[in-house]
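Subject: Structure handover

Hello,

Here is the structure for your files. Please open it alongside this email. My notes follow below.

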Amino acid sequence: VSANDSETLPFIRTELDWIPKVIESGKPFLGICLGAQLLAKALGGKVARHSEAKVEIGYHPIIPTFAGSKYFNSKLYFYHWNGEGFELPSDAVKLASGEIFENQAFRYGENAYGGQFHPEMSRSVLEEWAATTDSETEKKLKLPGAQSWEEQIDKHSQYAPVVENWLEQFFSFWLNLETPKRNLSDE
């Protein structure tokens, strides 16, 4: 599914029409992966494949920008499954970049955030995906930037505890449940 599928998938058009209404209302909005791409597109950014046909599949680093340093204090590895990236919308604040797709996280206004990665990834989901893979998925896992199932599961064990901690702190900060005493990616 792509944020560019609004002509063939009606729910994509519905999402693209709905997002500006949420943003205008001031309600919190968090776009994860496709959600970030939809947010970027709804705000005027382009969504496109990598110019060298690279993908982000597995654990890839994101690097905070100066503006993103209160959200990420250092390079962190998050799970990705991306064949496309997004252009930063006008008036958005870039929070993190990546090695394959330049734009990884941004904020628009005070309540809308988009991240090109999956902080919610669990080991059980990864194992389920690996067990039910098909020939199309296997082709994708051979593209530049893709990691094997074994590597993804191994890296999940390595990075998931840090990501889980980051996600808890991000939600508390974003939803004003508490004021963080440190940067969100501190352990």
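In which sense do strand 3 and strand 4 pair, and over how many bridges? They pair in the antiparallel sense, over seven bridges. Two strands count as paired if DSSP finds at least two bridges between them. Helices (H or I, at least four residues) and strands (E, at least two) are DSSP runs, numbered from the N terminus.

Two points on the source. This is a predicted model: local features need pLDDT of at least 70, side-chain atom pairs count only at pLDDT 80 or more, and totals for chains, interfaces and linings use all residues. Residues are numbered from 1 along each chain as its sequence is written, and side-chain values use heavy atoms, with hydrogens and water left out.

Strand 4 is mostly covered, with five of its seven residues buried. Buried means under 20% relative accessible area, exposed means over 50%, and partly exposed lies in between (1.4 Å probe, protein chains only).

Strand 3 (residues 56–64) is also mostly covered: seven of its nine residues are buried. Strand 3 also pairs with strand 6 (residues 93–98), in the antiparallel sense, over three bridges. There, I63 stands opposite S97 in strand 6.

Strand 1 and strand 8 (residues 112–115) run parallel and are joined by four bridges. I32 stands opposite G115 in strand 8.

The cavity

How many cavities of 30 Å³ or more are there? The count comes to one. A cavity is a set of points, on a 1 Å grid over the protein atoms alone, where a 1.4 Å probe fits but cannot get out; lining residues have an atom within 4 Å of a point. Grid points are joined across faces, edges and corners, and a volume is the space filled by probe spheres set on the points.

The largest cavity holds about 130 Å³ of space. Its lining has 16 residues. L30, G115, F117, W166 and F170 lie nearest its centre. Strand 1, strand 7, strand 8 and helix 5 each give two or more residues to the lining.

Salt bridges

The structure holds six salt bridges. The criterion is a side-chain nitrogen of Lys or Arg within 4 Å of a carboxyl oxygen of Asp or Glu. Three of them are described here.

- K94 with E102: the closest N and O atoms are 2.3 Å apart. E102 is partly exposed, at 46% relative accessible area.
- R123 with E127: the N to O distance is 2.8 Å. Both lie in helix 3 (residues 123–131); they are four residues apart, so about one helical turn separates them. E127 is partly exposed at 37%, and R123 is partly exposed at 37%.
- E151 with K155: the closest N and O atoms are 3.6 Å apart. Both lie in helix 5 (residues 149–174), four residues apart, about one turn of the helix. E151 is partly exposed at 33%, whereas K155 is buried at 18%.

One exposed site

Is S135 buried or exposed? S135 is exposed, with a relative accessible area of 56%. S135 sits in helix 4 (residues 135–140). From S135 to I100 is 35 residues in sequence and 24 Å in space, C-alpha to C-alpha.

Best wishes

Methods: On a 1 Å grid over the protein atoms alone, a cavity is a set of points where a 1.4 Å probe fits but cannot get out, and a pocket is an open set with protein on both sides within 12 Å along at least five of seven lines; lining residues have an atom within 4 Å of a point.
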